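Hello! Please have the viewer open while you read.

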Amino acid sequence: MGVHLTTLLPFRIGLIFFALSSLKHMSVAEGLQNLRANYLDGLKAAYCYWPLVLIGLYTVVPVRYGNLYFDSINMFWAVALSYYANRSVGEKEQVTQKKN
């Protein structure tokens, strides 16, 4: 679990944000700008979300249902990352103002 959260997860989040940018026909520079704008929010959310998911997977879910559980949870995670990547500038400013 620790290797996944420290090495694979940060790389995967960056890759997903960049891939979502390319699917929106953005240039490489715009994709990198989108990655810089959304990466930390996505990573913070991941560090809140995935440890709980993995603890549930290894302690509560029977082995034969592990793939179904993980794939179902992963689908919701893809929706969350898509939301982070497609937020408008106004929504990002509102979130920043609420934090301060």
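1. Ground rules. This is a predicted model, in which local features need pLDDT of at least 70 and side-chain atom pairs count only at pLDDT 80 or more, while totals for chains, interfaces and linings use all residues. Residues are numbered from 1 along each chain as its sequence is written, and side-chain values use heavy atoms, with hydrogens and water left out.

2. The chain as a whole. The protein chain has 4 helices and 0 strands, and from the N terminus its elements run α-α-α-α. Helices here are DSSP runs of H or I with at least four residues, strands are runs of E with at least two, and both are numbered from the N terminus.

3. Surface and contacts. The protein chain exposes about 6900 Å², with carbon and sulfur atoms supplying 67% of that area; accessible areas come from the Shrake-Rupley method with a 1.4 Å probe, and for residues only the protein chains shown count as cover. Of its 100 residues, 29% count as buried (buried is under 20% relative accessible area, exposed is over 50%, and partly exposed is in between, with a 1.4 Å probe and protein chains only). Among contacts with a separation of 6 or more, 69% join residues 24 or more positions apart, where contact means heavy atoms within 4.5 Å.

4. Helices α1 and α2. The axes of α1 (residues 2–23) and α2 (residues 28–59) come within 8 Å and cross at roughly 140°. That angle makes α1 oblique to α2. Axes are lines fitted to C-alpha atoms, for helices over the stretch in contact, and angles run from 0 to 180 degrees between N-to-C directions. Angles under 35 degrees count as roughly parallel, over 145 as roughly antiparallel, 65 to 115 as roughly perpendicular, and the rest as oblique. Ala, Val, Leu, Ile, Met, Phe, Trp, Tyr, Cys and Pro count as nonpolar, Asp, Glu, Lys and Arg as charged, and the others, Gly among them, as polar.

5. Helices α1 and α3. Here the axes of α1 and α3 (residues 66–85) come within 10 Å and cross at roughly 60°, so these two helices are oblique to each other. Their crossing is right-handed. On the α1 side, Arg-12, Ile-13, Ile-16, Phe-17 and Leu-20 meet Asn-74, Trp-77, Leu-81, Ser-82, Tyr-84 and Ala-85 of α3. The contact residues divide into 8 nonpolar, 2 polar and 1 charged.

6. What does Ile-13 touch, leaving aside residues up to four places away in sequence? Its partners are Tyr-39, Gly-42, Leu-43, Ala-46, Trp-77 and Leu-81. Ile-13 sits in α1 and is buried, with a relative accessible area of 0%. Leu-35 is 22 residues away from Ile-13 in sequence and 9.2 Å away, C-alpha to C-alpha.

7. Two exposed residues. Leu-40, in α2, is exposed at a relative accessible area of 53%, and its C-alpha atom is separated from that of Ile-13 by 9.6 Å. His-25 lies in the loop between α1 and α2 and is exposed at 74%. For a backbone check, phi of His-25 is near 60°, a positive value in a residue other than glycine.

Terms used. Left-handed = near helix turned anticlockwise from the far one by under 90°.
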